[in-house]
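Please have the sequence and the model open while reading.

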Amino acid sequence: MAEKGDRFMAHLEAELPLGMEALVLPFEDKRVGLVIVDEVNGFCTVGNGNLAPTESVEAVTEMVKHTDHLAKQFSARTWPIIAFLDTHQEHKPEPPYPPHCIEGTGEENLVPELLWLESDPNTTLMRKDCINGFVGGIRDDGSNIVIDWIKNNKIQQILVVGICTDICVMDFVVTALSARNHGIMKPLEDVFVFSEACATYHLPLDVAKTLKPPAFPHPQDITHYMGLYFAKSRGARIVNKVSLL
């Protein structure tokens, strides 16, 4: 089965190449911001809820490590950071997913390695109650936290990291690109997605069939790759290495 999966991944990479690149920041001397998507206990910390991993996952561990390193470098340079925190009310479901990241459970909080962001003066924390961070940033009066963060910090480029690559990360990226193209995300120009600092979950078909109710299968390597592919197909730039001057 592993060999079959490897062949399929090789086929994907051949037919749908990502053209990944290395990124050195600041890029073209433009102002950059870091977007951290949902690196919370409910998605990343073993045993912390219905959507948390049941055992340690290397991709998640690497994602958190890269994110922590990047965020510390951004903060040291006083570059702006925004962190989305998936947070839900118990009475408000989010189909097709089971209850997760319910307010007050601790699942909705940053993983221990990133808790320092709560007191970081360069970081904006934004709780969201839906998959898409752009939509989750809409206030009751119709204004948008993400748009305001871009405008107030004069951000021309964003670097996006987080979980899940093909769900919350991808949905935010494609919406941000549409908002940019629509002219409501000024002065945003470029969206970069750092592949090594993104992760998603693994639910193979044979396991998905046994769940009640049956769940949608979600092979980790394939869905991670497809999330990056669809982000790139909408205009994002996919990078596999980031260094800062």
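**Helix H5**

In this predicted model, helix H5 (residues 145–152) has Val146, Ile147, Trp149 and Ile150 as its buried residues, where buried means under 20% relative accessible area with a 1.4 Å probe, protein chains only. Residues are numbered from 1 along each chain as its sequence is written. Local features need pLDDT of at least 70 and side-chain atom pairs pLDDT 80 or more, while totals for chains, interfaces and linings use all residues, and side-chain values use heavy atoms, without hydrogens and water.

- Seen down the axis of H5, the buried residues fall within an arc of 160°, so they line one face of the helix; the arc is that of the directions from the helix axis to the C-beta atoms.
- These buried residues pack against strands S2 (32–37), S3 (81–86), S4 (123–128) and S5 (157–163), and against helix H4 (133–136) and H6; contact means heavy atoms within 4.5 Å.
- At the N-terminal end, Asn144 caps H5, with a side-chain oxygen 2.8 Å from the backbone nitrogen of Val146.
- Lys154 follows H5 and has a positive phi, near 55°.

**Helices H6 and H8**

- Helix H6 (residues 165–182) packs with helix H8 (residues 220–233) at an angle of about 0°, their axes 9 Å apart.
- That makes H6 roughly parallel to H8, a term for angles under 35 degrees.
- The contact includes Met170 and Leu177 of H6 and Leu228 and Phe230 of H8.

**Asp86**

- Asp86 lies in strand S3 and, at 1% relative accessibility, counts as buried.

Terms used
Axes are lines fitted to C-alpha atoms, for helices over the stretch in contact, and angles run from 0 to 180 degrees between N-to-C directions. Helices (H or I, at least four residues) and strands (E, at least two) are DSSP runs, numbered from the N terminus. Angles under 35 degrees count as roughly parallel, over 145 as roughly antiparallel, 65 to 115 as roughly perpendicular and the rest as oblique. Buried means under 20% relative accessible area, exposed over 50%, partly exposed in between (1.4 Å probe, protein chains only). A polar contact is a pair of N or O atoms within 3.5 Å; within protein, one must be able to donate a hydrogen and the other to accept it, and residues adjacent in sequence count only if both atoms are side-chain atoms.
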